[in-house]
Amino acid sequence: MGLLTRRQLREQKLSPGGHHSVAVLRCKACAFQPEWCCVHPTRAWLWRRDLAKPSRVPTLAQEWALDRAMAARQTCPKCKRRYYFCLPLRTQGCCDPCDKGFEPSPDTYMTSPAKHLLAA
């Protein structure tokens, strides 16, 4: 019986498929005390591979919606440049070059106007 973590399932393009985990991988110290809550990073839930289902592929409309959401987080409202990273819009309100008054390097933003890039 093949047991896999969620990350291993994702690497194989699988999902748990609504099933609950069948086992918990714990660290050596916590394995002797099952009632004690393990908080170490070595804890992982395991799922059966034979019960896993293929991951769903997002539709074009879902990818379009995700791209619009990312464009809103990556586009500066002042200079209208779309960057390759999310901007501090909540705290700063604009990109660093607009806030601090310097010219951004060309490899940090998209040279064409802010267009939507689909993931697939």
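A residue is called buried here when its relative accessible area is under 20%, exposed when it is over 50%, and partly exposed in between (1.4 Å probe, protein chains only). Helices (H or I, at least four residues) and strands (E, at least two) are DSSP runs, numbered from the N terminus.

Welcome to this predicted model, in which local features need pLDDT of at least 70, side-chain atom pairs count only at pLDDT 80 or more, and totals for chains, interfaces and linings use all residues. Residues are numbered from 1 along each chain as its sequence is written, and side-chain values use heavy atoms, with hydrogens and water left out.

**Helix H3**

Let us start with H3, which has 15 residues. From first C-alpha to last, H3 reaches 21 Å, close to the 21 Å expected at 1.5 Å a residue (the expected span is 1.5 Å times one less than the number of residues). Its buried residues are Glu 63, Asp 67, Ala 71 and Gln 74. Seen down the axis of H3, these buried residues fall within an arc of 80 degrees, so they line one face of the helix; the arc is that of the directions from the helix axis to the C-beta atoms. An α-helix has 3.6 residues a turn, so residues three or four places apart point the same way. On the face of H3 turned away from the buried side sit the exposed residues Ala 61, Leu 66 and Ala 72.

**The sheet**

Next comes an open sheet of 3 strands in the order S1-S4-S3, with antiparallel pairing. Strands S1 (3–4) and S3 (23–25) stand at the edges, each with a single partner strand, so one side of each is left without a neighbour in the sheet. Two strands pair if DSSP finds at least two bridges between them; S3 and S4 (residues 44–48) pair in the antiparallel sense over 3 bridges. In S4, Trp 45 is the bridge partner of Val 24.

Two lysines have a positive phi although neither is a glycine.

**Residue classes around the cavity**

The lining of the largest cavity has 5 nonpolar, 2 polar and 1 charged residues. Ala, Val, Leu, Ile, Met, Phe, Trp, Tyr, Cys and Pro count as nonpolar, Asp, Glu, Lys and Arg as charged, and the others, Gly among them, as polar.
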